[in-house]
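Open the model in your viewer and keep the selection tool at hand. The tour goes stop by stop, with something to select at each.

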Amino acid sequence: IAPWVIPQLLPELFTPLLVLSLALMALVPERLGWSGRLWCVAIATVAIAVHYSHLPLALGLLICLLILRRLRQPAPRLGIGGLARLALPVLLAVAGWVSVNSAAHDRAALSPFGGVFLLARVIDDGPGLDYLRRACPAAGYRLCPHLDAIHGTSDTFLWDKDSALNRAGGPKPVAEEAMRIVTAAVAEEPWRQARASLRNALAQFLQYRSGDGLEPWPDDPGPRATLTAHFPPREVTAYLAARQAQGELGLIETLSPLHVTVETVGMLLCLVLAIVLRRDPAGQFCAAVLLAL
């Protein structure tokens, strides 16, 4: 998988490193030594900082890892130092986000515009759109004059040039009221949203594939225009001649079923080992991998 996926430099590359570093610090810190512990803290901090979704993942996983450690008896006590090392990556990443957003946007916040993604999800699930239809135009939201343009999926709402989000001024202006809409919609229909979230989680867990993003990019205006404006002609020529740009990267279609098979077998083996070795660090690490997924 590595030669085809890693060159995209996605922040999700740090997800397995986050799981591994936290599991080592929580389950077997006594085997690491000081240098190993410092490396794990550093890796976990960077891993959390590069992707907002890694913060709730880290918090949830830490709780599960501490419970797993308690199930293993006898297990050396973590002590104040061990617990501090587990908390340190989260604290450092949060401090970094707040500092950067304060300097860049004059807003001391974790994610000044992240509410737009939640808004897109709640609208796609139904409660958000139904709430807007009931509340508009009296509520005065920026989206109210553009409800007829809300259609398709959350990706359509976020990325289409003619979406209601862009008609309303774009993500940054809408972000100012996004969380108010999300909070009101969920408060009115909490169980409907909860059911939709569970369905989404199950679908995401079962419908994993490889090769996302490796299809040809769209023609002008788009990546080709950006390349032409900002890269040397030699790089543009190389890109246009690449198999991906030509739509001839058929190897991904061949490899994807193999990747899915290996991933499925891996998850089943993790489940077996997590049960059989449930009081052993190796089995508990397998359980941590499944919990992270």
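At what angle do α6 and α10 pack, and how far apart are their axes? This is a predicted model, and in it the two helices pack at an angle of about 50 degrees, with 7 Å between their axes. The crossing of α6 and α10 is left-handed.

**Stop 1: the contact between the helices**

On the α6 side, select Gly115, Val116, Leu118, Leu119 and Val122. On the α10 side, select Pro171, Val174, Ala175, Ala178, Met179, Ile181, Val182 and Ala185. These residues make the contact between α6 and α10.

**Stop 2**

Select arginine 121 and aspartate 124, whose side chains meet in a salt bridge with 3.2 Å from N to O.

**Stop 3: a salt bridge between helices**

Next, select glutamate 188 and arginine 134. Their side chains form a salt bridge, at 2.3 Å from N to O. This pair links distant parts of the chain, since the two residues are 54 apart: glutamate 188 belongs to helix α10 (residues 171-188) and arginine 134 to helix α7 (residues 127-135). Glutamate 188 has a relative accessible area of 44%, so it is partly exposed. Arginine 134, at 48% relative accessibility, also counts as partly exposed.

**Stop 4: further salt bridges**

How many salt bridges does the structure hold? There are seven. One of them joins arginine 167 to aspartate 162, whose closest N and O atoms are 2.9 Å apart. Arginine 167 is partly exposed, at 40% relative accessibility. Now select Asp130, Arg133, Glu189 and Arg192: salt bridges that share partners join these four residues into one network.

**Stop 5: the disulfide**

Turn to the cysteines, and select cysteine 136 and cysteine 144. A disulfide joins them, with a distance of 1.9 Å from S to S. The structure holds one disulfide. Which hand does the link of cysteine 136 and cysteine 144 have? The link is left-handed, with -70 degrees about the S-S bond. Both of these cysteines are buried.

**Stop 6**

Finally, select cysteine 270 and cysteine 286. Cysteine 270 counts as buried because its relative accessibility is 16%, and buried means under 20%. Cysteine 286 is buried as well, with a relative accessible area of 10%.

How values were computed: Residues numbered from 1 in each chain as written. Predicted model: local features only at pLDDT ≥ 70, side-chain atom pairs only at ≥ 80, totals over all residues. Heavy atoms only, no water. Disulfide = S-S within 2.5 Å. Buried < 20%, exposed > 50% of the residue type's maximum accessible area, 1.4 Å probe, protein only. Helix = DSSP H or I, 4+ residues; strand = E, 2+ residues; numbered from the N terminus. Axes fitted to C-alpha atoms, helices over the stretch in contact; angles between N-to-C directions. Left-handed = near helix turned anticlockwise from the far one by under 90°. Contact = heavy atoms within 4.5 Å.
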